[in-house]
There are 2 protein chains.
Amino acid sequence: MGRPKARVSMADVARLAGVSSQTVSRVSTGHPSVVGSTRQQVLAAMKELGYRPNSAARALKSGQFRTIGVILFTFSSTGNSRTLEAIATHAAQEGYAITLIPVAVPTQDSVVGAFTRLGELAVDGVIVIMEVHLLDSATVTLPPHVQVVVVDSDAGDRYTVVDTDQADGARQAVTHLLDLGHCTVWHVAGPEESFAAERRAQAWRDTLTAAGREVPAPLRGDWSAESGYQAGLVLADRPDCTAVFAANDQMALGVLRALHERGRSVPGEVSVVGFDDIADATSFIPPLTTVHQDFAEVGRRCVQGILHQIDSGEAAPGTTLVPTRLVVRASTAPPPRP
Amino acid sequence: MGRPKARVSMADVARLAGVSSQTVSRVSTGHPSVVGSTRQQVLAAMKELGYRPNSAARALKSGQFRTIGVILFTFSSTGNSRTLEAIATHAAQEGYAITLIPVAVPTQDSVVGAFTRLGELAVDGVIVIMEVHLLDSATVTLPPHVQVVVVDSDAGDRYTVVDTDQADGARQAVTHLLDLGHCTVWHVAGPEESFAAERRAQAWRDTLTAAGREVPAPLRGDWSAESGYQAGLVLADRPDCTAVFAANDQMALGVLRALHERGRSVPGEVSVVGFDDIADATSFIPPLTTVHQDFAEVGRRCVQGILHQIDSGEAAPGTTLVPTRLVVRASTAPPPRP
DNA sequence: GACCGGAATGTTTACGTAAACATCGGCCGA
DNA sequence: TCGGCCGATGTTTACGTAAACATTCCGGTC
């Protein structure tokens, strides 16, 4: 409001440089047909006045914002915030900015609200990081001119979906434990609403079944270490439990603590595998064997996907899976000899 | 490009509703002097055409973007991403969007680059989450019309700074250990470039000195659990070390692992205190006594501060400290009887 | 019954940029 | 030598919105 001077515009620069504002525009956008001497003159004037292009005017004119919206529920999940980081980094490399749209409470109302606001938002495309269950239940149609990429979903028939290969990761984890000689593997699953949790649980079940092993009833957590601890207390009391696959590293941490408190040694008596490969996993007691997720790659492919859609102007339904890799550390070993 | 139809504008709505576009504008902005029946007509037309205000045009006209830029180096620090989450949430409540500007490599060049891009960005204000050392060394002046709030800095004389009360948190941690009867407290510090680390180390030193205790040489980590583990290995070999204050929870985790591996029981032989109170700290072995930081409050005050500056049009230098609180769990106890 | 005031609505204009079109001047080939 | 062509630059215009100003119409007042 009370700023000393209005913002410098192209007209101001043009006046000082003694050219037309269109020439300033050409210099600003790097158009080739401006001769060197003129360009220098304009650049000098820009510098002297401290000219900055007005992105609102530019967006208005061009119809492009060079901005990607990212909708997400929570940062607290390791995956979300690491994916967001990768998205932001890659978008920046492509000259795109990121606009964050947090949806604090994942109720249908707030999702609708977020998408409504989205329609007014200055974005060329949107990346949605959330369980698509909510996307479905929300009776919202995305504004037709906005392209969408979804993470963590199975809606590959309708949207472009990028996700970690959850199933293969879980399979690797279970196979690793079976190969070590365990009769079967117990599972601490994530919350029901989560697709990732569902996938991991399903692959765990399938792998056991395919190997002809008994499938114990899964325990259910909510991704938190505390919920893993509760599950771990239950498992610690079962002498027949020698191998546990937790659906994420945090819950594995809780399982480790429960086993430790109940005096069951890891990996001597019980083996534990996690999922995510968070940085801290190397410093758990003992260092955790876990499934590594390449969040950076997920983010990269999200940006790539959305930019492709923005350029081509049309959606490209389909699912891209980013491979996972088992990282073996010290929390797994053959089962104890009876 | 090849979209079936151009975007719906106010003129289209006006045509359908049989009013002028200015009336549509008035309805859109909630201007009072539109009679009920007209308003209904316009709203119906908006709905039928799927009208969405064009924020670029709106920003161009009003000179405001209703957007806050957030510059940050890394999400991997717990504090950064939790603060970001709180900022995003509160900004959304105020009807502001968040634009993320990641600076992957904290070199001077990339900082300059980020701030240059910033000048062109459609933001009304900026929140900087980073060590201000780099802000200083970067020979950048922020565009004069952009307001700034800084987190984690001591530049309160030049900028509005919001930070956790690092010093008091560290004091509480050290005092707690001394009160338990420990002769002195060892410190695993964060990296030198970090103001937060510097503050915590200084307060640790001051508190020991004020109590007339010996001040051991601090060990230095880089916030990671692995670096805490390395420091822990050193401390585990010193029989005179009975109490450790780690500058964050991750490093505390590493210390716990090192002590465990070397057979020194926690808290029986050695007490450990962390800083941050991350969610997982309750499931460390043993559950970690740590200093709780209220990131949500930090985020809230950042948004509040920047909005105030945007409204008033002038900077408001000064520092706001958010209190911390010691959370006592199971990793601290009186020292062993010799 | 003419006039005044104010509420409801319409018209004009400007925000800063960049595409489209217009102009100018010099160089090349016939 | 001259027409034409192309590269460099200028002029016009439109993007969608909302402030400022203009107009219309109504009820109420003297």
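Two strands pair if DSSP finds at least two bridges between them. Strands (E, at least two residues) and helices (H or I, at least four) are DSSP runs, numbered from the N terminus. The structure described here is a predicted model, in which local features need pLDDT of at least 70, side-chain atom pairs count only at pLDDT 80 or more, and totals for chains, interfaces and linings use all residues. Residues are numbered from 1 along each chain as its sequence is written, and chains are lettered from A in the order in which they are written.

**Strand S3 of chain A**

Strand S3(A) takes part in two parallel pairings, listed below.

| Strands paired | Bridges | Example of opposite residues |
|---|---|---|
| S3(A) and S4(A) (residues 147–151) | five | A:Ile127 and A:Val149 |

A residue is buried if 20 or more other C-beta atoms, placed from the backbone, lie within 10 Å of its own. Five of the five residues of S3(A), residues 125–129, are buried, so this strand is largely enclosed by the rest of the structure. In a regular strand the side chains alternate between the two faces of the sheet. On one side of S3(A) lie A:Gly125, A:Ile127 and A:Ile129, and on the other A:Val126 and A:Val128; both faces are covered.

**Helices H2 and H3 of chain B**

The axes of H2(B) (residues 21–29) and H3(B) (residues 36–49), lines fitted to C-alpha atoms over the stretch in contact, come within 10 Å and cross at roughly 90°. The two helices are therefore roughly perpendicular to each other (65 to 115 degrees). With contact defined as C-beta atoms within 7 Å, B:Thr23, B:Val24 and B:Val27 in H2(B) meet B:Thr38, B:Arg39, B:Val42 and B:Leu43 in H3(B).

Definitions and conventions:
Axes are lines fitted to C-alpha atoms, for helices over the stretch in contact, and angles run from 0 to 180 degrees between N-to-C directions. Angles under 35 degrees count as roughly parallel, over 145 as roughly antiparallel, 65 to 115 as roughly perpendicular and the rest as oblique. Two residues are in contact if their C-beta atoms, placed from the backbone, lie within 7 Å. A residue is buried if 20 or more other C-beta atoms lie within 10 Å of its own, exposed if 12 or fewer, and partly exposed in between; C-beta atoms are placed from the backbone.
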